[in-house]
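Me: Please take a close look at one part of this model for me. I would like the strand pairing first, then the aromatic contacts around it.

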Amino acid sequence: MTQSLRPVHVIGGGLSGAEAAWQIARRGVPVVLHEMRPQRSTAAHRSADFAELVCSNSFRSDDASGSAIGLLHAEMRRLGSLVMRAGDAHKLPAGGALAVDRDGFAAAITAALEGERLIEIRREEVSDPPLDWDSVIIATGPLTSPPLAETIGNLTGEAALAFFDAIAPIVHRDSIDFDVAWFQSRYDKTGPAGSGADYINCPLTRAQYDAFVDALVTGEKTAFRDFETTHYFEGCLPIEVMAERGRETLRHGPMKPFGLTDPRNPDVKPYAVVQLRQDNRLGTLFNMVGFQTKLKHGEQVRIFRTIPGLANAEFARLGGLHRNTFLNSPRLLDATLRLKAMPRLRFAGQITGCEGYVESAAIGLLAGRFVAAERLGEQPSLPPPTTAHGALLNHITGGHLETIDAGPRSFQPMNINFGLFPPLGGAARDARKQALCARALADLEAWIGRAIPHAAE
Ligand SMILES: Cc1cc2nc3c(=O)[nH]c(=O)nc-3n(C[C@H](O)[C@H](O)[C@H](O)COP(=O)(O)OP(=O)(O)OC[C@H]3O[C@@H](n4cnc5c(N)ncnc54)[C@H](O)[C@@H]3O)c2cc1C
């Protein structure tokens, strides 16, 4: 049967493209894998190997019973991931984390792909997938080459493809102190999809605001990389840059107190207010409005926990500004990662709006499974939303809120975290995480049993 199947074309041999190609071939479907390195490189890659780790060599926590990323590792192993197999084979001592020997890891992935009979490797840049490629996965990552980015931009519309992420920190709602914070929209406006009480508000007195501005100005920042310096929008300046422009700038920008009344103290207007806006449909995550920042991660935690109501805040992700090519996926992609407007094109990896080596590989794994099922005439089966794969996929294809009111598009790339999972009530936080992991692994087994005959090979 394999002889008669037309190949799937995978563009990009990074973490996601390598995993996708492997998964497709494992199902007996031929693949042509197009990778532009070494002919052409990106600003971050250094080698010609597949699945090169461009920065850290860590896959983060390997704890499958209490951490979301460890759970994702476990699920990927169960689903026959090449990336996890090579990571495990080249692991280095790193406490509870899975760190890998980057050269050994990438060499193992490269050897596996080169040795797979159903994978043909072409070292070439693809600028515009030809029309006779009837099934394509685009997995070209955060540094997609400019000609292909232009093609994607033309297909999706300028505003649907971002070249920079400006990320405000995202907080787990259940870590916010509602003895201090309260729900209210500015001037109680409802907007197109709101209730008049959509934002979480954290009030600051003048002394608290002054101390906060000082901390922002003196806090340690991360430098832009060489290839990132050209980009700096007035529309989304880092919060510390606004603070440097003048003591009152933030109070007239993202921290303005107008139209908000603290119900516990209605006669005293807060001097400034930090607002958090709902970030996912589940209502478990809230982003700090206008708080994109280049402060170092440790500094963000230290400084943002001085905000009243956020003293014990747990962050699902911290803020940042990076060069990053990614789609407005919730609007553009269907449930199996196909471009709605042109279903022969599927996307995988960081370009879809996940973040991180492992998450990118996991989305490559799913895209590979979906496309292979399609080629074999089967109905692609979606992982349950209670699994780490399902939660991540749901963030990309639907779980994220486009916007609460008429505000700007808010979809931003994200690592896997428990805020993306349908919540479980009761129990203390640590016990809840364990229960979420146990539920995920049980649901994954049930899914494997019912839906994907080759999943456990
Ligand atoms: C500077 C930087 C540092 C990062 N640091 C970390 C980190 O420490 N930890 C972490 O977890 N994540 C990190 N990330 C995120 C990381 O990029 C992703 O997690 C992961 O590599 C993305 O996987 P991917 O497969 O989507 O893209 P990539 O791994 O980047 O793979 C994309 C591949 O596509 C190829 N390609 C691009 N355009 C074309 C084209 N037109 N034709 C053919 N091939 C093409 C590229 O050469 C590349 O091999 C970092 C990202 C950047 C940019």
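Reply:
**The sheet and its aromatic contacts**

Ser 61 has Ala 97 of β5 as its bridge partner. The model is predicted, so local features need pLDDT of at least 70, side-chain atom pairs count only at pLDDT 80 or more, and totals for chains, interfaces and linings use all residues. Residues are numbered from 1 along each chain as its sequence is written, and side-chain values use heavy atoms, with hydrogens and water left out.

Strand β3 and strand β5 (residues 97–100) pair in the antiparallel sense, over two bridges. Strands pair here if DSSP finds at least two bridges between them. Strands (E, at least two residues) and helices (H or I, at least four) are DSSP runs, numbered from the N terminus.

The open sheet has three strands, in the order β3-β5-β4, with antiparallel pairing. β3 and β4 (91–92) stand at the edges with a single partner strand each, so one side of each has no neighbour in the sheet. Helix α3 (residues 82–89) packs on this sheet and touches β3, β4 and β5. Contact means heavy atoms within 4.5 Å. The direction of α3 makes about 85° with that of β5. Axes are lines fitted to C-alpha atoms, for helices over the stretch in contact, and angles run from 0 to 180 degrees between N-to-C directions.

Now the aromatic rings. The whole structure holds nine aromatic pairs. One of them joins Phe 59 and Phe 105 edge-to-face, at 5.5 Å centre to centre and 85° between the planes. Rings of Phe, Tyr and Trp (its six-membered ring) pair if their centres lie within 6.5 Å; planes under 30 degrees apart are stacked, over 60 edge-to-face, the rest tilted. This pair links distant parts of the chain. Phe 59 is in strand β3 (residues 58–61) and Phe 105 in helix α4 (residues 102–114), 46 residues apart.

Phe 105 counts as buried because its value is 0%. Buried means under 20% relative accessible area, exposed over 50%, partly exposed in between (1.4 Å probe, protein chains only).

Other rings carry a charge. Arg 123 lies over the face of Phe 50, 4.6 Å from the ring centre. The rule is NZ of Lys or CZ of Arg within 6 Å of the ring centre and within 35 degrees of the ring normal.
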